[in-house]
Amino acid sequence: MTLVAEQAAQRGARVDLRDVCTAAVAALPVGGAGISAMSTSVANYPLCSTDGTSEQLEELQLTLGEGPCVDAFTGSVPILTPDMADSELQDSWPVFATEALTLGAVAIFALPLQIGAISPGVLDLYASKPGPLGAEDLADALAFADLATLILLDSVHGGPAGMPDNKEEETGYALEANGYRAEIDQATGILTVQLGVGIDEAFVRLRAHAFTHGHRITHVAADVVAHRLRFRPDAEPYRTDQDR
Amino acid sequence: MNERLLAETFVELADNLVADFDLIDFLRLLSDRCVSLLGTSAAGVLFADRDGALRVMAASDEQVRLLELFQLQNDEGPCLECFHTGTAVAAPELAAEAGRWPRFTAQAALHGFGAVQALPMRLRDETVGALNLFRTTPGPFDPVSTSIAQALADVATISLLQQRSTQRGHALNEQLQTALNSRVLIEQAKGKLAERQGIDMEQAFTALRRYARAHNRRLADVARDFINDTEALTELTL
């Protein structure tokens, strides 16, 4: 993921979604990348794209309400389409399949940005030649999608400035060196109740607390699950094991 | 080995592997049957994610402490070795393995476990995960029980494939991705329900599972709707 940080450094700015898209295009055998914000409650909208074709693909899908991006969001599953000329697709996406081919998008890979019920959008990648993403490329694409998820959440819910979203190994979710921890997800669920917020915001608050206090998110999560740390809507979280 | 129980277990598992089955619910059933059939104290099914990290998909007990013991094996332990070598790893005398896995053996001892086994979940030449079995009493593993445990691990692998065949053209990687995300959903929902009701993680899981079954819905779907406040879980029984 150093590629993403390099993109941001070149612009002299904090890592944002454009950097993820640009890095994805540099790393993967694709011609362009785009990200759209998706939601079941408010209107979907395109967030960024690396080129004109990507931009049109995003807008088309959101306008038509059909396409891999839409299916990836509603089904919470990657929709990998190695050949848009496949006749079956004409049934699934009657308008979009033809339009995409006209634009030169012969293969489209749509990856939902998701962490359980947190699903703020979709990353779309297109190629001008047919063919599947190899296993390693798919793993990389999923890693880009994970990074985009964190950046998008922070930008919507106001993660603290300077949050090291390009250094996920320090405080992050997906790339913990010692592997995935169920407590992070349990703690996120717990915070929806303690803070009275949605799951997206609960997750951002958990990460932000870890970051601002210089703790690993796994440690903060373990404290929340063990009831050693309680979050409150209008005040700093307090430790319940220091009262004694 | 109770042969009748063995036969009943495999019939039950096969019955549950029907179209549109619920992977997480199925793997919990399989974990529970490992305990009742093989005389183990705890069992868990772990899948490897795209980074090769082992993630718990189901366990015979959803308490945090047991999940932690599975997770710890991303650093050291029988599951990690089993996954990397693709072969079964057995430690009949866990106390004797302190040099091999210092942290893991210490944690396992704290939980009162004396023996552990990890069976590979293999798909052709690829290892996709491991079945992890814990026993309180140390001592050799019965070869017959071990081959049954491997058969159960194979059933767990088949269930992942079966899930795939119900969705058009999805490769194993995507299938795993979906399964792993389902598990994240369930952890999030467990946290929310446990906090709201003042119950523990196992009780929260059991309540969600019972509700999903009673309403003929997938556990992951119920979890998602509960988190998004579109499922109030009315008439939830704890």
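**Ground rules.** I worked from a predicted model in which local features need pLDDT of at least 70 and side-chain atom pairs count only at pLDDT 80 or more, while totals for chains, interfaces and linings use all residues. Residues are numbered from 1 along each chain as its sequence is written, chains are lettered from A and ligands numbered from 1 in the order written, and side-chain values use heavy atoms, without hydrogens and water.

**The sheet.** I looked up the strands of chain A and found 5 in an open sheet, ordered 2-1-5-4-3, with antiparallel pairing. Strands (E, at least two residues) and helices (H or I, at least four) are DSSP runs numbered from the N terminus, and two strands pair if DSSP finds at least two bridges between them. Strand 2 (45-49) and strand 3 (79-81) of chain A each have a single partner strand, so one side of each lacks a neighbour in the sheet.

**One pairing.** I then checked strand 3 of chain A, which 3 bridges join to the antiparallel strand 4 (residues 107-115) of chain A. Here Thr81(A) stands opposite Ile108(A).

**Across the chains.** I turned to helix 9 (residues 182-195) of chain A and helix 7 (residues 172-197) of chain B, which pack at about 40 degrees with axes 7 Å apart. Axes are lines fitted to C-alpha atoms, for helices over the stretch in contact (heavy atoms within 4.5 Å), and angles run from 0 to 180 degrees between N-to-C directions. The contact includes Gly189(A) and Ile190(A) of helix 9 of chain A, and Gly191(B) and Lys192(B) of helix 7 of chain B.
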